[in-house]
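Hi,

Here's the structure I promised to pass on.

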Amino acid sequence: MAKIAPSILSADFAKLGEDVKDICDRGIDYLHIDVMDGVFVPNISFGADVMKSLNNTVTVPYDVHLMIIEPIRYIDKFFTENTGFITVHYEACDDLASTIEKIKEGGAKAGVSIKPGTAPEVLDEYLKDIDLILVMSVEPGFGGQKFMDSSLPKIEYYKNKREELGLDYVIEVDGGVGSGNAHLVRDAGVDIIVAGSAVFKAADRTAEIRAIKGE
């Protein structure tokens, strides 16, 4: 069974607090916060203030995904008592080691993400310092894309590396996952599944969440 982190990118922003409260009441594990800068990815989403507006509504930790160039400049803005993970992109950091250190100094767990075209081996030298690895199964920056099967060997790679090195980071996948294909990433060894439209647009959100988690 996996944990689930629905992305608010697919929520109804006209009633964001209501939407978030609803899914928190349905058994989610994290709330995924997709932050886009219009540079690293083509789209712009929202900043830390939108996330913080939910502080008194959420009952699960924030899973913050920074799709921005040089995220070390903005990490401080995303620290709250409710922040669980802050994830940055390998491809967006000039000094990944310092960025990871800054996240941990602020009291959050450090995640690193790789895009579909990035080889999993690029993170080998950082594995002992990472708390979460986010494998993108779509190109970052857009919701509603089709799941890329090429993400499965990467998940398996990080699972095997974790066992080989005796580490305890968690493996997350983001993009195109719903109840119909979640078994593929669970079987590959994923620990947390990010789902956006699959959850927020579902006719039965509770059933979709349970099916994605494999309950």
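On the surface there's a patch of negative charge, made up of Asp94, Asp95, Glu101 and Glu105. Bear in mind that this is a predicted model.

Glu164 belongs to helix α4 (residues 151–165), and because its relative accessibility is 56%, Glu164 counts as exposed. Glu70 is in the loop between β3 (62–67) and β4 (83–89). With a relative accessible area of 17%, Glu70 falls under the 20% cut-off, so Glu70 is buried. From C-alpha to C-alpha, Glu70 and Glu164 are 31 Å apart, with a sequence separation of 94 residues.

Then there's strand β6 (residues 132–136), where five of five residues are buried. Leu132, Leu134 and Met136 point one way, Ile133 and Val135 point the other way, and all of them are buried. In a regular strand, side chains alternate between the two faces of the sheet.

As for its neighbours, β6 runs parallel to β5 (residues 109–114), with four bridges joining them; Leu132 in β6 is the bridge partner of Gly111. β6 also pairs with β7 (residues 170–174), again in the parallel sense, over five bridges. There, Ile133 has Ile171 of β7 as its bridge partner.

Cheers

How values were computed:
Residues are numbered from 1 along each chain as its sequence is written. This is a predicted model: local features need pLDDT of at least 70, side-chain atom pairs count only at pLDDT 80 or more; totals for chains, interfaces and linings use all residues. Side-chain values use heavy atoms; hydrogens and water are left out. Patches are made of residues with over 30% relative accessible area and no salt bridge: like charges are joined within 9 Å, nonpolar side chains (Val, Leu, Ile, Met, Phe, Trp, Tyr) within 5 Å. Accessible areas come from the Shrake-Rupley method with a 1.4 Å probe; for residues, only the protein chains shown count as cover. A salt bridge is a side-chain nitrogen of Lys or Arg within 4 Å of a carboxyl oxygen of Asp or Glu. Lys and Arg count as positive and Asp and Glu as negative; His and the chain ends are not counted. The place of a charge is taken as NZ of Lys, CZ of Arg, CG of Asp or CD of Glu. Helices (H or I, at least four residues) and strands (E, at least two) are DSSP runs, numbered from the N terminus. Buried means under 20% relative accessible area, exposed over 50%, partly exposed in between (1.4 Å probe, protein chains only). Two strands pair if DSSP finds at least two bridges between them.
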